[in-house]
Amino acid sequence: MNVQSAENLTEILKTFNESTVKLRQAYDALQLKFGALNRQLEDTNKELSRRIAELSEVKEYLNSILQSVTNGVIAINVKGEITAFNKAAERITGLDAESVIQRAFSEVFATDFGASFQRRSGQMEHGQRYTSRDLKVKGRHPFPVRESNSFTRDGRGEITGAVKVFEDLSELRELEEQARRQDRLAALGQMAATVAHEIRNPLGGIEGFASLLARDFDADDPRSKLVTKIQEGARSLNRVVTELLVFTRPMKLDFKTIELPMLVNETLGFLSSDIKAANIRLQKRLGKGELKVTGDAEQLKRVLLNIMLNAVQAMPNGGTLKVGCRQGSLSPAARKMLGHCRNGSWAEVSIRDSGPGIEESEIPRIFNPFYTTKEKGTGLGLSVAAKIVDAHRGQILASNSPRGGALFVVSLPLEG
Ligand SMILES: Nc1ncnc2c1ncn2[C@@H]1O[C@H](COP(=O)(O)OP(=O)(O)O)[C@@H](O)[C@H]1O
Ligand SMILES: [Mg+2]
């Protein structure tokens, strides 16, 4: 090794040492910075988790508000898919939120989201205008609602979808219909009372003279048959007049405590020969517990008899008559409408037949006086029944059972 290269080596070593020191310093500095950054990151992380927790709290809070409002709320995104469906919407539409979320609104409902949404007109952007219309779930009956639609927007004002807030109007409509029915009944009642009165006197005469005549003829005299016909006719007319008067007179009720299952049984007793004659199978489910109501036993028997008689008449060639009695579970809508006995304390008698059922569109009319589809019907049975039940602050619901046949449910407030 020469001197020159030895010097070089020393130089190199020195530079190397210096570099090492610098490197270490740089490394230490870096580590310090890294530590600081790490701490900063940790802080950011903590802040982030706090924000996330806060956000989910806000979300929960908003959701619980959404779920507790009594109006139905449905939200859709820009693709028209349902993104929110609150409890009230479930109750009003009868659909499960789970089964409709993420499905297209147009796939679930037979009505569009709202004409103004389709057109994206300015009207909907404000969303304050309420409109009444029918909302229809596919494959079901439409139900009237009052609704308001508005767009939802993100922070930049871009439309992200729309929200529909709606209110069920079916109770209101039902009440309106009831009021109209009462008016019609009042007018009809007045007229009927006059007519009945006018008919009653001459009818009494006809009946009296016919029985005098009957005494004058021998039993085998062909004329005696004619007289019997006159008597039958007069009796049948008399029955109509009596029903009319029951229907039109203000009702005097003799309120007592009634064991409902016993009353049902007694009423069925009147019908046992008709039931046997028509080859009808009777299924009774009168329950074990007590079911007491306050009412007029005679009048309530008349109610049950009229309904059961219709059921028997609907099955001339046999069938099944199911009569049930139980503590009632009136629909929340019906309960609200009746306004009393809110806590489900209702007694319910159900009468189900296996006949042809009632034409769906005719159901609102069957309680009208003189509505009948029978050749010899008076059309008064159900109107009388409705009037009596009304006077007991109860209600009668008529429907068709899904398995065919008509179903009548009489609900009365339980005693106590
Ligand atoms: N169980 C039933 N099944 C089918 N239709 C019924 C039933 N009950 C009542 N209806 C319908 O309601 C109408 C009115 O009944 P109602 O007032 O008792 O009068 P009526 O029995 O004299 O016809 C009946 O004519 C019939 O069309
Ligand atoms: Mg009848």
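Helices (H or I, at least four residues) and strands (E, at least two) are DSSP runs, numbered from the N terminus. This is a predicted model, in which local features need pLDDT of at least 70 and side-chain atom pairs count only at pLDDT 80 or more, while totals for chains, interfaces and linings use all residues. Residues are numbered from 1 along each chain as its sequence is written, and side-chain values use heavy atoms, with hydrogens and water left out.

**Stop 1: a sheet**

Select β1 to β5. These five strands form an open antiparallel sheet in the order β2-β1-β5-β4-β3; two strands pair if DSSP finds at least two bridges between them. At the edges are β2 (82–85) and β3 (131–135), each of which pairs on one side only. From one strand to the next the twist averages 35 degrees, where axes are lines fitted to C-alpha atoms and angles run from 0 to 180 degrees between N-to-C directions.

Now keep residues 143–153 (β4) and 159–168 (β5). Nine bridges join this antiparallel pair. Which residue of β5 is the bridge partner of Phe151? Select Ala162 to see that partner.

**Stop 2: the second largest pocket**

On a 1 Å grid over the protein atoms alone, a pocket is an open set of points with protein on both sides within 12 Å along at least five of seven lines, whereas a cavity is a set of points where a 1.4 Å probe fits but cannot get out; lining residues have an atom within 4 Å of a point. Grid points are joined across faces, edges and corners, and a volume is the space filled by probe spheres set on the points.

Select Asn310, Gln313, Thr372, Lys374 and Gly377, which, of the 35 lining residues, lie nearest the centre of the second largest pocket. The space there is about 1200 Å³. Next show α8 (222–248), α10 (297–313), α12 (381–391) and β12 (406–413), each of which supplies at least two lining residues. With seven residues, α10 gives the most.

Colour the lining by class: 14 residues are nonpolar, 13 polar and eight charged. Ala, Val, Leu, Ile, Met, Phe, Trp, Tyr, Cys and Pro count as nonpolar, Asp, Glu, Lys and Arg as charged, and the others, Gly among them, as polar.

**Stop 3: a cavity**

Select Leu260, Leu263, Leu300, Val303, Leu304, Val349, Val410 and Leu412 to show its lining. By class, these are eight nonpolar residues, with no polar and no charged ones.

Technical notes:
Chains lettered and ligands numbered in written order.
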